[in-house]
Amino acid sequence: MKINNTFGLFLGLLVLFIIGCQQIQNQMKADPDDTTVSVSVDDDIPDIEPSVGKVFIGDADGRFGIDKYTLNSTTINGDTLTINVSYGGGCEKHEMTLVVSESFLESFPVQIHVSLAHNANGDACEAWLTEDHNFDLTPIKTMYQKAYQQEAGTIILRLKDAPNVELVYEFTM
């Protein structure tokens with residue numbers, strides 16, 4: 001009776017193994033019309049759109065993550081802040097949050113402290129990733145418009161750990 005149970009267990013595992021191999025083989029067969037990410041011929045890096053991060057106004061106290069990253073560059077175009085960052089990972093989705101102070105620094109033009117919170121979601125992989133993250137600056141514009149009763153304005157964003165570049169956010173009516 002013991003041989004029958006062992007044979008049944010072996011047969012069951014063999015069936016599961018074959019099914020798993022078939023699923024992997026089916027996933028590897030790529031239909032040319034079924035692509036979601038295009039790959040650049042030059043460098044074999046996926047050509048993906050920059051991700052859009054969350055904007056939080058207030059004291060985050062680390063709740064959006066404190067994982068390490070390298071801030072490479074920043075630009076502002078219209079109401080969008082683009083931050084290029086690098087970090088280790090590759091197995092989990094990383095989340096970036098722009099944390100904005102609740103108050104402006106009184107100067108001309110006004111300034112505001114901002115920082116980038118990084119949540120790696122426990123990603124232990126070691127690939128070195130570099131990507132752009134976009135942040136919508138309209139919540140900061142709205143805060144300015146309410147505080148100063150003006151539609152147009154200029155704000156200097158004091159981004160923690162940013163390269164020595166002044167981030168000037170200008171907006172008009």
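**Exercise 1. Identify which residues the disulfide joins, and describe the link and its surroundings.**

Solution. In this predicted model, where local features need pLDDT of at least 70, side-chain atom pairs count only at pLDDT 80 or more, and totals for chains, interfaces and linings use all residues, a disulfide (a pair of cysteine sulfur atoms within 2.5 Å) joins C91 to C125, with an S to S distance of 1.6 Å. Residues are numbered from 1 along each chain as its sequence is written, and side-chain values use heavy atoms, with hydrogens and water left out.

Next, take the position in sequence: C91 lies in the loop between β6 (80-89) and β7, while C125 lies in the loop between β8 (110-119) and β9 (127-136), so the pair ties together parts that are 34 residues apart in sequence. Strands here are DSSP runs of E with at least two residues, numbered from the N terminus.

Then consider the geometry: the angle about the S-S bond is -80°, and the link of C91 and C125 is left-handed.

Finally, classify accessibility, where buried means under 20% relative accessible area, exposed over 50%, and partly exposed in between (1.4 Å probe, protein chains only). C91, at 49%, counts as partly exposed, and C125, at 27%, is likewise partly exposed.

**Exercise 2. Determine which strands stand at the edges of the open sheet of 5 strands.**

Solution. Begin with the order, which is β4-β7-β8-β10-β11, with mixed pairing; two strands pair if DSSP finds at least two bridges between them. The edges are held by β4 (54-57) and β11 (167-171), each of which has a single partner strand, so one side of each is left without a neighbour in the sheet.

Now follow β4 to its partner: 4 bridges join β4 to β7 (residues 95-100), and the two run parallel, with V55 standing opposite L98 in β7.
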